Amino acid sequence: MLFEIQHTTDYRYSQPVIEAYLEARLTPPDTSSQSVVSRTMKVTPDLATSQYVDPFGNAVDFFSMTLRHERLAVHNRMVVRTRVPELPEDALSLPVAEARQVISSMLIDYFDYLQPTAVVPIGGAASDWARRHLPPGRPLREALESLNGTLHRKFQYKPGSTDNNTPLRTVWRQKRGVCQDYAHVMLSVLRTAGLPARYVCGYIETEPLPSRHQTEKRRRLVGSIATHAWVEVLVPGMTWVALDPTNDRWCGDQHVAVSFGRDSKDAAPVRGTFKGSGSQTMKVRVHMKRMGKS
């Protein structure tokens with residue numbers, strides 16, 4: 001499928017600020033399931049940018065504003081072609097314990113994705129879920145689908161019930177949140193079970209795909225009006241497979257991955273700091289339009 005995606009992040013300051021520094025992770029990687037056809041980025045005021053690749057493989061645009069200003073906006077437009085990912089069925093048929101053993105031989109390269117972070121602790125409530133859904137003898141695919149489905153059923157998707165500073169223990173207790181909370185809970189369980197997993201920030205087309213049969217109804221997908229979040233798990237063959245617990249499904253051609261990390265802070269699409277005496281407001285707008293299947 002072919003999508004046009006426009007993402008605007010607009011900072012406004014109550015008083016002119018002296019300096020501002022921003023990082024933008026807004027370049028989707030080319031993978032077997034997606035490719036970038038075109039991309040343009042405009043910054044207001046006009047600024048020169050520099051680029052680098054961060055430790056998680058994300059392409060980062062960095063820019064600084066050292067003159068007094070009251071507004072700073074980043075507008076990113078791109079066209080992305082997606083394909084339905086092919087799942088590695090042989091790897092997913094292995095028992096959890098065997099998959100974990102195979103992966104352990106390569107842990108030097110993926111060690112970070114097994115570790116707790118300030119945002120995603122491991123153990124605690126995640127230990128019970130890991131024992132229940134990811135026991136040693138269970139086929140990996142069945143285990144991942146069980147975890148994904150139970151998280152979808154047991155937690156309530158409720159915008160506004162959490163924010164970026166809500167601890168994961170609160171999400172576990174209240175059993176509600178948004179897509180980034182679903183992803184953080186799932187990461188905690190997977191890492192507790194000894195399976196490397198990473199956070200994915202991207203976009204999702206929420207409209208259901210056309211049905212082949214007039215009587216068949218397709219469910220509208222749940223996703224943020226800004227960005228969406230899901231999880232990738234490392235399986236034998238050193239392949240990442242993607243699951244969307246918010247929608248209880250394997251990620252498909254309605255998902256566009258943009259950035260990766262241990263948690264949402266690593267993969268934030270735009271983040272920065274400013275120097276000034278006033279306050280800051282930020283508005284994010286995302287528009288994702290299907291252009292066709294070619």
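**Reading salt bridges, cores and backbone features**

Q: How many salt bridges does a search of the whole structure find?
A: The search finds 15 salt bridges. Each is a side-chain nitrogen of Lys or Arg within 4 Å of a carboxyl oxygen of Asp or Glu. The model is predicted, so local features need pLDDT of at least 70 and side-chain atom pairs pLDDT 80 or more, while totals for chains, interfaces and linings use all residues. Residues are numbered from 1 along each chain as its sequence is written, and side-chain values use heavy atoms, without hydrogens or water.

Q: Which residue forms a salt bridge with Glu-23?
A: Arg-271 does, with the closest N and O atoms 3.2 Å apart. Glu-23 sits in strand β2 (residues 19–24) and Arg-271 in strand β14 (residues 270–275), so the bridge ties together parts 248 residues apart in sequence. Helices (H or I, at least four residues) and strands (E, at least two) are DSSP runs, numbered from the N terminus.

Q: Is Glu-23 buried or exposed?
A: Glu-23 is buried, at 17% relative accessible area. Arg-271 is partly exposed, at 31%. The cut-offs: buried is under 20% relative accessible area, exposed over 50%, partly exposed in between (1.4 Å probe, protein chains only).

Q: Which side chain meets Asp-54 in a salt bridge?
A: That of Arg-25, at 2.9 Å, N to O. This pair also links distant parts of the chain, 29 residues apart. Asp-54 lies in the loop between β4 (50–53) and β5 (59–65), and Arg-25 in the loop between β2 and β3 (34–44). Asp-54 is buried, with a relative accessible area of 6%. Arg-25 is buried too, at 3% relative accessibility.

Q: Which residues do salt bridges with shared partners join into one network?
A: Glu-23, Arg-25, Asp-54 and Arg-271. Another salt bridge runs from Glu-142 to Arg-138, with the closest N and O atoms 2.9 Å apart. Glu-142 is partly exposed, at 40% relative accessibility.

Q: How many residues are in the largest nonpolar core?
A: In soluble globular proteins, nonpolar side chains tend to be buried together. Here the largest core has 43 residues, and Leu-134, Leu-144 and Leu-190 touch the most other members. Its largest share, eight residues, comes from helix α7 (residues 179–192). A nonpolar core is a set of buried Ala, Val, Leu, Ile, Met, Phe, Trp, Tyr and Cys residues, joined through side-chain atoms within 4.5 Å.

Q: Which residues does Leu-190 touch, not counting those up to four places away in sequence?
A: Leu-134, Leu-144, Leu-147, Leu-195, Ala-197, Val-231 and Val-233. Contact means heavy atoms within 4.5 Å. Apart from this core lies another, of 23 residues, including Tyr-13, Ala-24, Leu-47 and Leu-72.

Q: Where do the axes of helix α4 and α7 stand relative to each other?
A: Two packed helices are described by the angle and the distance between their axes. The axes of α4 (residues 125–133) and α7 come within 8 Å and cross at roughly 65°. That makes the two helices roughly perpendicular. From α4, Ala-126, Ser-127, Trp-129 and Ala-130 meet Ser-188, Val-189 and Thr-192 of α7.

Q: What is the peptide bond between Thr-44 and Pro-45, cis or trans?
A: Most residues other than glycine have a negative phi, and most peptide bonds are trans. The bond joining Thr-44 and Pro-45 is cis, with omega about 0°. Pro-45 is in the loop between β3 and β4.

Q: What is phi of Lys-175, positive or negative?
A: Phi of Lys-175 is positive, near 55°, and the residue is not a glycine. Lys-175 lies in the loop between α6 (168–174) and β8 (176–177). At 30% relative accessibility, Lys-175 is partly exposed. Asp-248, also not a glycine, has a positive phi of about 55°. Its loop lies between β11 (239–244) and β12 (249–250). Asp-248 is partly exposed at 32%.

Q: Where is Pro-269 found?
A: Pro-269 is in the loop between β13 (255–261) and β14. Pro-269 is buried, at 18% relative accessible area. Its C-alpha is 8.0 Å from that of Val-258, eleven residues apart in sequence. Leaving aside neighbours within four places, Pro-269 contacts residues including Glu-23 and Arg-25.

Technical notes:
Axes are lines fitted to C-alpha atoms, for helices over the stretch in contact, and angles run from 0 to 180 degrees between N-to-C directions. Angles under 35 degrees count as roughly parallel, over 145 as roughly antiparallel, 65 to 115 as roughly perpendicular and the rest as oblique.
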